[in-house]
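Let's take a walk through this protein together.

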Amino acid sequence: MRRAGISEPSALRRVLAPVAALSCLILLLGASPALATAFTVSFPASVERGSVTGRLLLVVAPKDGPEPRLTISLNGPPIFGTDVEDLEAGEIVRVDATDGYPASALGDLPDGEYRVQAVLVRYTEVTRADGHTIQVPLSHRRVFAPAMPGNLYSPPVLVRIDDDEAEVVHLSLERIIPPLPELEDTPWIRRVRIRSEILSRFWGVPMYLGASVLLPRGFDEDPGARYPAIYVFGHGDTPFGFDPDPASHEGERARAADANVETGHEFFQAWTADDFPRVAAITLEHPSPYFVESYAVNSANNGPYGDAITQELIPYLEREFRLIAAPHARIVEGASTGGWEALALQLSYPQTFGGAWVFNPDPISFRRYQLVDIYSDANMFTTPLPGGREAERPFRRSREGQPLLGVRDIAAFEAALGSRGRSGYQLDIWQATHGPVGPDGYPVPLFDKRSGRIDPEVAAYMRAQGYDLTARLRDNWAELSPQIAGKLNLFAGDMDDFYLNLGVYDFEDMVRELGGPDFPIRFEYGRPKKGHNWHHTNWAGVVREMARHIESSTPRDQEPAQ
């Protein structure tokens, strides 16, 4: 979790063709109640001469607004998805029975005018080192699957959906999403991309890792100096929002204030000041075929990302940027997804990293998988109540406690985006990271997306493999506690939007039970009504804390922080 211009006809575009005449060309996808307005999709040979396998998405947006494909989100317009396999140029796909969100089927949409657009998320066939051949959306950059370069899409079409007027509307996937521009070096930030041999061997195709390195003041002027490194995990390209441009200052103020941090320009001013600690801050780019972040650990479905980061990327960065290659000089930090990654790395590689600052992490206790105990609860979607009744489990809430989205909602959204765990979204990446590989090579889901039923065997696997970080520390307390004492700092708002504070409470209860009230792990909670991404102090303050920690933990026989 976390942090184009178009042209279209001036009148309603309608391609009226009798369904019978198209029947020999149309690939029927499932069955549903009859819908007067139907959609067909194809792509011309001019954009792709071979066949394409992937996920076909139909976005049905209000008639006014941005290009529909750019608005795909949990709070966005209705989307409908279906798999296509080896689709050839000119072959027509009829889209009339698909997985949909928030409407379950096209026939559930009210009559009216809509702007409709189709997107074909392209899959790549890979044969992994475990012997499985699968089809997955593959990008070497941090990008949501529907926006991946190489995807095909149609121009938006203005359509009237009317149950009383039968017609077939054809959408032509005649455009291709272009490559993303490369991130450029600046006087302060250097960009890195390396081929990972570890990941390439696992996935059977070239795989890459990237980084953005924020240099300390004086880096180029003093070529003999060496520096500690803060590894910042999250979805952004720039550590701590660093921004020399004062024009962005006002636009960021409200968002920054909500999280109790400063704007990117204010952080720039602190970072470049005379008295600021001289450290490097580095964001990593490590997308998985299942999400924009790999979750930074070794996983049966994702592959050995933890080893690739610690054995390939970090040593490369230490050589290239004069970083101190010692545990005390490597700090991990992150919020939300990045918070889970930071804690998981510190526990998985306790002799590699010297400290972790963990903000509102994704579930670090699977007894608090948001509001679900995956070991004892039977269903992800509902909570049993007295008298045989059930209550829907919320996924997101307001800071006042009002439920906004349910777990059932996000499961339906992900089912529309992709089958077999390929939505590229939140619950699917958790299951891909934590869960086992199925006989077909795809992740075995923790729960059924239609019924919500939890698979207890998958839950047991997730704990046995150590992805429940609270259970991992509990089960290995004698070994791990001496290695992480004084290194962990955990923070959460008491009204985290996604209930992630509950996992932090459970982690603290375990630490106090096993280590006593004075065991040196730090916990701080924002109250009252502090939500997701709350920080106890601003980013500059966090870096200063880390610098003091590095200085205090530097062995006497090793070089101090600059």
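In what order do the 8 strands of the open sheet come? The order is S14-S15-S17-S16-S20-S21-S26-S27, and the pairing is mixed. Before going further, a word on what you're looking at: this is a predicted model, in which local features need pLDDT of at least 70 and side-chain atom pairs count only at pLDDT 80 or more, while totals for chains, interfaces and linings use all residues. Residues are numbered from 1 along each chain as its sequence is written, and side-chain values use heavy atoms, with hydrogens and water left out.

Back to the sheet. Helices (H or I, at least four residues) and strands (E, at least two) are DSSP runs, numbered from the N terminus, and two strands pair if DSSP finds at least two bridges between them. At the edges sit S14 (189-195) and S27, each pairing on one side only. From one strand to the next, the twist averages 20°; axes here are lines fitted to C-alpha atoms, for helices over the stretch in contact, and angles run from 0 to 180 degrees between N-to-C directions. Strands of a sheet pair through backbone hydrogen bonds, either parallel or antiparallel. S26 and S27 run parallel and are joined by 5 bridges, with alanine 492 standing opposite tyrosine 525 in S27.

Now look for the helix lying across S26 and S27: that's H12, running at about 145° to S27. Several residues of H12 are buried, among them Asn501, Val504, Phe507 and Met510. Buried means under 20% relative accessible area, exposed over 50%, and partly exposed in between (1.4 Å probe, protein chains only). The buried residues of H12 pack against several elements, including helix H6 (337-348), helix H10 (469-475) and strand S26 (488-493), where contact means heavy atoms within 4.5 Å. Just after H12, glycine 516 takes a positive phi of about 85°.

Stay with the sheet for one more residue. Phenylalanine 359 is found in strand S21 (residues 355-359), and it counts as buried because its relative accessible area is 0%. Among the residues it touches, not counting those up to four places away in sequence, are Gly334, Phe491, Trp534 and Val542.

What about the nonpolar interior? A nonpolar core is a set of buried Ala, Val, Leu, Ile, Met, Phe, Trp, Tyr and Cys residues joined through side-chain atoms within 4.5 Å. The largest one has 109 residues, and Trp203, Tyr231, Leu317, Leu446, Leu490 and Phe507 touch the most other members. There's also a second, separate core of 28 residues, which includes Ile189, Phe267, Ala281 and Val543.

Aromatic rings turn up in pairs too: a search of the whole structure finds 24 of them. Rings of Phe, Tyr and Trp (its six-membered ring) pair if their centres lie within 6.5 Å; planes under 30 degrees apart count as stacked, over 60 as edge-to-face and the rest as tilted. The rings of phenylalanine 202 and tryptophan 203 have centres 5.4 Å apart and planes at 80°, so this pair is edge-to-face. Tryptophan 203 is buried, with a relative accessible area of 0%. Phenylalanine 242 and phenylalanine 267 are also edge-to-face, because their ring centres are 6.5 Å apart and their planes are at 85°. Phenylalanine 242 lies in the loop between strand S16 (229-233) and helix H3 (249-259), and phenylalanine 267 in helix H4 (residues 264-271), so the pair ties together parts that are 25 residues apart in sequence.

Next, move to strand S3 (residues 52-62), where 10 of the 11 residues are buried. S3 pairs in the antiparallel sense with strand S4 (residues 79-87) over 7 bridges, and with strand S7 (residues 112-122), also antiparallel, over 9 bridges. Leucine 56 stands opposite threonine 82 in S4, and valine 59 has glutamine 117 in S7 as its bridge partner.

Most residues other than glycine have a negative phi, and most peptide bonds are trans. Aspartate 86, though, has a positive phi near 50°, and tyrosine 295 has one near 75°. The peptide bond from tyrosine 101 to proline 102 is cis, with omega near -5°, and a cis bond also joins arginine 527 and proline 528, with omega about -10°.
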